[in-house]
Amino acid sequence: HLVTGGTFNAKFSPGGLVDIEYLIQGLQISHGAQNPALRLTNLRDAMSALHTAGVLSDDDFTRLRKAHTFLRWLIDSLRVVRGNSKDVTMPLFGSDEFVFLARRLRYESDAEHLRNDLTRYVADVQEVIGGLRAALGSQLGRADGRQLVGVHAQRQPGRARPLQHRAGLGHRVRPLVAEDVGRAREPPPRDLRQDPLHAQRD
């Protein structure tokens, strides 16, 4: 199993990095035949191209871009904290390891802020997937739509699927409301021109 029960894996859990990758790749497959400009290998370039082509709305593009940046940044920091590249499971909230991770991510001593941001970005990914899944399913067939939108996107549009209750976060994800989009916080400032999160890496 890629994810241990009762934990949150930043790469493979619902709302994680792989869900974003599957979503973008699925949209490229769905629309790329008619639009060669969407046939890109870099995920962030493809995301921007889908937005330019009108496949992703301004809101969906912004939420996915922020979530992707945050999750790549989180995964890089988890690899440093753990000392290996494979273990990207979130430590339990309140543990010394979670506090150290928050400091590594420039949250200083505000570990709860990290927990809240993680909850928000994961919920955003799930909300965007839910909103686009029906459209993909109608074009590609229900089974294909589920596969292309993401391995974890088995839910109805407009409802945020909760994280596992013990996934190191200590609470469940609530459904987002419209006001949340405007309040979504960017990760702490970094020089994005040199930020490795903007390069697609395994």
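The protein chain exposes about 10200 Å², of which carbon and sulfur atoms supply 50%, with accessible areas taken from the Shrake-Rupley method with a 1.4 Å probe and, for residues, only the protein chains shown counting as cover. The structure is a predicted model, in which local features need pLDDT of at least 70 and side-chain atom pairs count only at pLDDT 80 or more, while totals for chains, interfaces and linings use all residues. Residues are numbered from 1 along each chain as its sequence is written, and side-chain values use heavy atoms, with hydrogens and water left out.

The protein chain holds seven helices and zero strands, these being DSSP runs (H or I, at least four residues, for helices; E, at least two, for strands) numbered from the N terminus. Of its 202 residues, 49% count as buried, that is, under 20% relative accessible area (1.4 Å probe, protein chains only).

The largest nonpolar core has 41 residues, and I20, I24, L56, F70 and L74 have the most contacts inside it; such a core is a set of buried Ala, Val, Leu, Ile, Met, Phe, Trp, Tyr and Cys residues joined through side-chain atoms within 4.5 Å. The largest share of this core, ten residues, comes from α3. Not counting residues up to four places away in sequence, I20 touches L43, M47, L64, A67, H68, L71 and V125, where contact means heavy atoms within 4.5 Å.

Between α2 and α3, the residues that meet are L43, R44, M47, S48 and H51 in α2 and D58, F61, L64, R65, H68 and T69 in α3.

How values were computed: Buried means under 20% relative accessible area, exposed over 50%, partly exposed in between (1.4 Å probe, protein chains only).
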